[in-house]
Amino acid sequence: MRRPLIVANWKMHKSRAEAREYAETLLAALATAPTGEIELAIAPPFTALETLAGVLTGSPVALAGQNVSSMAEGAFTGEVSVSMLKDLGCRYCIVGHSERRAQHGETSADVAAKAAALLKEGLRPIICVGETQAQREAGQTEKIVAEQLAASLPAMSTPTAGEVVVAYEPIWAIGTGVTATPEQAQEVQAFLRVCLNKILGEGADRVRLQYGGSVGPDSIRSLMNQPDIDGALIGSAALDARTLETILANIQLENTSP
Ligand code: PGA
């Protein structure tokens, strides 16, 4: 049984004061409407991690980084290490988001090195893969995500596979308001599970597969209802604590409906 995982990716948004207000609003809501079996994490900018840790430590909401260096320490201006994220209480870290691949030239080999560094320190990587609109139209979706997945996964043992999360984020759906249909997402995610099986063997069933790309309160239920969608990586809609609460409530509605 894979525990559903919802991650709010704030990208480059929010001051410390805004982060605190968001976390307090969220915790107040969770006090009356707990997340149940759903695991929840927030990935703020590095600058808000400590503030969020102050509010969220001891709560069911985990902290995540949005990026990390694969290097342990040294002369790497502008970089943040795994041990620094761990020191701030992070349990997860997003690696290989398409914005980093496209805007910062990150390769799948870089992503695999970052994921390996995270696993070594006991943090859980959220490894992102996804195709562009042009690649989808050219019928290359499976080829692209299979290549990205194979090259972005670090070497790991079967038990460690349970620590790894893979997020399928079609680039054409990110920040566009165009969500993949549940069928489109499931088709690719079932394919990713087959790829994981080939790479990891029995460990593949333990890897959680998230969907990301314009997820909101209206789309979450039908997406999460798909057999190979174990959670969501949510940008714009999760910038508002109340919208995130609605998303969580809507997942649970589905879980409790007959
Ligand atoms: P979005 O972003 O929900 O705003 O599309 C998702 C992501 O980039 O992780």
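**Salt bridges**

Mentor: Glutamate 147 and lysine 143 join their side chains in a salt bridge, 3.3 Å from N to O; the term denotes a side-chain nitrogen of Lys or Arg within 4 Å of a carboxyl oxygen of Asp or Glu. The model is predicted, so local features need pLDDT of at least 70 and side-chain atom pairs count only at pLDDT 80 or more, whereas totals for chains, interfaces and linings use all residues. Residues are numbered from 1 along each chain as its sequence is written, and side-chain values use heavy atoms, leaving out hydrogens and water.

Glutamate 147 and lysine 143 stand four residues apart in helix H7 (residues 141-152), which means a separation of about one helical turn; helices (H or I, at least four residues) and strands (E, at least two) are DSSP runs numbered from the N terminus. Glutamate 147, at 44% relative accessible area, is partly exposed, as is lysine 143 at 47%. Buried means under 20%, exposed over 50%, and partly exposed in between (1.4 Å probe, protein chains only).

Aspartate 230 pairs with arginine 2 in a salt bridge at 2.9 Å between the closest N and O atoms. This pair links distant parts of the chain, 228 residues apart: aspartate 230 lies in the loop between helix H9 (220-224) and strand S8 (231-234), and arginine 2 in the segment before strand S1 (5-9). Aspartate 230 is buried at 7%, whereas arginine 2 is partly exposed at 23%.

The salt bridge of glutamate 99 and lysine 11 has its closest N and O atoms 2.8 Å apart. Glutamate 99 belongs to helix H4 (residues 98-104) and lysine 11 to the loop between S1 and helix H1 (16-32), 88 residues apart.
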